[in-house]
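Hi there,

Here is the structure I promised to pass on. Have a look at it first, and my notes follow below.

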Amino acid sequence: MTATDIIHIIGTIAFALSGYLVGARKRLDMLGVWICALLTAIGGGLIRDALVGRMPLVFTEYGTLTITALTVLAAWLFKVQNHQGRVLAEAFAWADSLGLVAFTITGAQVGLMYVLNVFGVVMLGFITAVGGGVVRDVLVNEIPMIMRQDFYGTVAVIVALAVFLLDRLNALNPLTLNILLIGGYVLRMWAYKTRLTLPKL
């Protein structure tokens, strides 16, 4: 198992949990919660794969589906939705931010695999990271987070750009990928805690 595989698993668990929390907050039934969790976990990857013209792995392998199902089951067994609203909001932010950074890295690496330019690599990383959340938020009739929190999508752009630059410097390896995952996560949570935003027009 490669570092990319591990990061992908981390991102899937994090996004599935964030989707579960949104479904529970909206008081959806179990099918609705499952759909929220699944689309959050795979939505960005589906859009990315459609853009590069390849068959989504979720259509041929069971890994992502299994991880998502186990995450939803564990969240339900531990009744995470029964915690206080403030605790749930914090849990959502931590989980969603981790998924954001993890999927940015895996999406950007797909761009490198297809030998795309810097714009292509950054766009694939960005879409992989935010696509699932956008689909989820539209389904539950919310303004997508990328439109509400300025420094949410910016983190994805920064991380994807870092992946591209590390590759150009021949410094992209398991160690730097893990450092990038941790660094991007710290940046996102720092922006969340300090309510950092981009300048308004």
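Which residues are buried in α8? They are Thr176, Leu177, Leu180, Leu181, Gly184, Tyr185, Arg188, Met189 and Ala191. Please keep in mind that this is a predicted model. As a reminder, residues three or four places apart on an α-helix point the same way, because there are 3.6 residues a turn.

Some more on that helix: α8 covers residues 174–194, 21 residues in total, and spans 30 Å from its first C-alpha to its last, close to the 30 Å expected. Its N-terminal end is capped by Asn173, with a side-chain oxygen 3.0 Å from the backbone nitrogen of Leu175. After α8 comes Arg195, which has a positive phi, near 55°.

Now to the aromatic rings, where I found two pairs. Phe15 and Phe103 are edge-to-face, because their planes stand at 80° and the cut-off for that class is over 60 degrees; the ring centres are 5.3 Å apart. This pair joins distant parts of the chain, with Phe15 in helix α1 and Phe103 in helix α4, 88 residues apart. Phe15 is buried at 1% relative accessible area, and Phe103 is buried at 4%.

The other pair, Trp94 and Tyr185, is edge-to-face as well, with 6.0 Å between centres and 70° between planes. Here the link runs from Trp94 in helix α4 to Tyr185 in helix α8, 91 residues apart. Trp94 is partly exposed, with a relative accessible area of 38%, while Tyr185 is buried at 18%.

One last item: Lys79 lies over the face of Trp76, 5.8 Å from the ring centre.

Best wishes

Methods. Residues are numbered from 1 along each chain as its sequence is written. Side-chain values use heavy atoms; hydrogens and water are left out. Helices (H or I, at least four residues) and strands (E, at least two) are DSSP runs, numbered from the N terminus. The expected span of a helix is 1.5 Å times one less than its number of residues. Buried means under 20% relative accessible area, exposed over 50%, partly exposed in between (1.4 Å probe, protein chains only). A polar contact is a pair of N or O atoms within 3.5 Å; within protein, one must be able to donate a hydrogen and the other to accept it, and residues adjacent in sequence count only if both atoms are side-chain atoms. Rings of Phe, Tyr and Trp (its six-membered ring) pair if their centres lie within 6.5 Å; planes under 30 degrees apart count as stacked, over 60 as edge-to-face and the rest as tilted. A charge sits over a ring if NZ of Lys or CZ of Arg is within 6 Å of the ring centre and within 35 degrees of the ring normal.
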